Amino acid sequence: MRRAGILMPISSLPSRYGIGCFSKEAYEFIDGLAKAKQTYWQVLPLGPTSYGDSPYQSFSTFAGNPYFIDLEELISQGLITKEECDECDFGNDNVYIDYKKIYDSRFGILWIAFENFDTNDSKYKKFKKDNKDWLDEYALYMAIKDSYNGEPWVKWDEDIKNRNKKAIKEYSEELKDDIEFYKFIQFEFYSQWMKLKKYANDKGVLIIGDIPIYVSFDSADCWGDRQLFQFNEENEPVAVAGCPPDAFSEDGQLWGNPLYDWGYHKKTEFEWWIRRVKQSFTLYDIVRIDHFRGFDEYFSIPYGDETAAGGHWEKGPGIALFNKIKEELGEVKIIAEDLGFLTDTVIQLVKDTGFPGMKLIQFAFDSREPSNYLPYTYDRNTVVYTGTHDNDTIKGWYEVLSYNDKKHAKNYLNNQGINKKNASTMFIKVALASVSDTAIIPIQDYLNLGSEARINIPSTIGENWRWRILKSQMNDELWNEIKELTELYDRNPKN
């Protein structure tokens with residue numbers, strides 16, 4: 001079944017108060033997707049962001065991002081007022097998010113909402129009970145973290161850093177209001193998101209979400225379940241995650257995430273991973289697992305190294321993990337992010353799982369990428385993208401493409417008229433015309449935007465995850481253009 005979808009993070013919506021959220025604009029975006037005959041909306045991870053504002057570095061693998069809570073919904077509930085929101089400085093730029101201003105303002109207004117909230121609400125009590133296995137730990141972690149002015153757990157006092165039972169009891173009593181506040185935030189996040197997801201599903205739109213393969217060192221997961229990771233007796237990682245040097249980065253990528261102790265996970269029959277995947281399928285209809293290669297082999301970099309150059313490959317859990325997931329959860333709908341250089345063993349792992357892998361049009365015509373991503377090589381059981389959140393937009397990418405690569409693209413497509421003005425449409429058509437069952441296009445490419453609309457540059461911080469679509473850009477002209485292309489290449493969900 002040929003289907004199409006749009007890639008755009010929640011943060012990029014044109015909501016009020018400085019950042020995209022579960023607002024009326026999100027519902028309008030879904031209406032647009034339905035008009036355009038799109039089957040999927042890929043939203044990227046929904047977790048709370050930490051240093052660098054990346055959703056791939058989160059304080060919890062189970063919690064949701066407080067920034068995505070719609071303040072206008074809280075106004076309608078009578079928990080805050082419009083005047084209180086208007087007094088806050090969320091930034092005045094409609095195109096780029098100011099995360100410092102969001103951080104400085106968002107939690108203050110949410111505290112006002114919490115103080116006006118009835119914690120005896122039956123739905124709230126049920127939510128706490130149903131999510132107790134992760135919610136209690138997360139809320140405690142964030143409350144303690146706040147009491148240490150945001151410092152990560154490795155910098156806390158020894159008793160609480162090492163989870164001394166007496167210390168946990170004392171902090172739990174001393175910070176009980178703060179702990180309840182973080183539980184309230186998650187209740188509002190989940191309530192609003194599940195309502196929005198149902199609206200999308202009722203409109204025939206399925207949600208694709210991401211599981212980052214790794215978790216942040218500064219997280220409730222690492223503090224609470226450190227036996228899951230490769231830590232030494234001083235609570236430091238033995239090694240951390242990243243990617244080796246390649247044509248795009250001579251030093252490789254140093255992500256810094258703690259690596260898993262796969263021996264321990266195997267002994268527990270992958271219980272934590274099964275919980276993680278199960279929780280993800282409450283949030284999403286389809287899950288894309290980031291850096292799928294790491295389950296076959298993962299790159300291990302000695303902790304403390306300043307670059308990834310000194311790392312080496314270690315063997316991952318392989319098919320055993322996914323067999324157990326399927327045994328517990330059934331035939332789950334997972335996309336394997338298998339981009340980059342692939343060994344025979346990781347190719348076999350993707351094949352053994354039966355999950356669709358990913359193809360990138362940009363990689364097909366970029367000689368710096370050694371793997372072959374030309375469309376004639378695709379299988380049907382794949383998901384094709386023009387680019388992902390880690391790539392430049394098509395327009396930005398094409399403008400800096402080498403002369404020889406441009407010549408190759410023109411010859412391959414038998415179209416000598418490709419230029420920076422029409423490149424986005426040309427390469428979108430290549431993706432939609434491919435045999436891949438699913439085609440996902442970043443919304444920036446349909447809008448023909450340049451590098452100014454890029455979401456993320458890997459291994460950099462400070463300017464990422466900021467771009468937002470303007471409300472005026474979400475118009476019938478856009479949706480009709482997408483619909484025509486979708487129908488032209490027989491990706492209409494009614495067929």
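## Rings and charges in a predicted model

Arg163 lies over the face of Trp223, 4.3 Å from the ring centre. A charge sits over a ring when NZ of Lys or CZ of Arg is within 6 Å of the ring centre and within 35 degrees of the ring normal. Lys406 does this too: its charged end sits over the ring of Tyr398, 4.9 Å from the centre.

A word on the ground rules: this is a predicted model, where local features need pLDDT of at least 70, side-chain atom pairs count only at pLDDT 80 or more, and totals for chains, interfaces and linings use all residues. Residues are numbered from 1 along each chain as its sequence is written, and side-chain values use heavy atoms, with hydrogens and water left out.

Now for rings meeting rings. Rings of Phe, Tyr and Trp (its six-membered ring) pair if their centres lie within 6.5 Å; planes under 30 degrees apart count as stacked, over 60 as edge-to-face and the rest as tilted. That rule gives 58 aromatic pairs, including these two:

| Pair | Centre to centre | Between planes | Type |
|---|---|---|---|
| Phe29 and Trp479 | 5.6 Å | 70° | edge-to-face |
| Tyr260 and Trp262 | 5.1 Å | 50° | tilted |

Phe29 sits in helix H1 (residues 24–35) and Trp479 in helix H20 (residues 476–488), so their pair ties together parts 450 residues apart in sequence. Helices (H or I, at least four residues) are DSSP runs, numbered from the N terminus.

Tyr260 is buried at 1%, and Trp262 is buried at 10%. Buried means under 20% relative accessible area, exposed over 50%, partly exposed in between (1.4 Å probe, protein chains only).

Definitions and conventions. Helix = DSSP H or I, 4+ residues; strand = E, 2+ residues; numbered from the N terminus.
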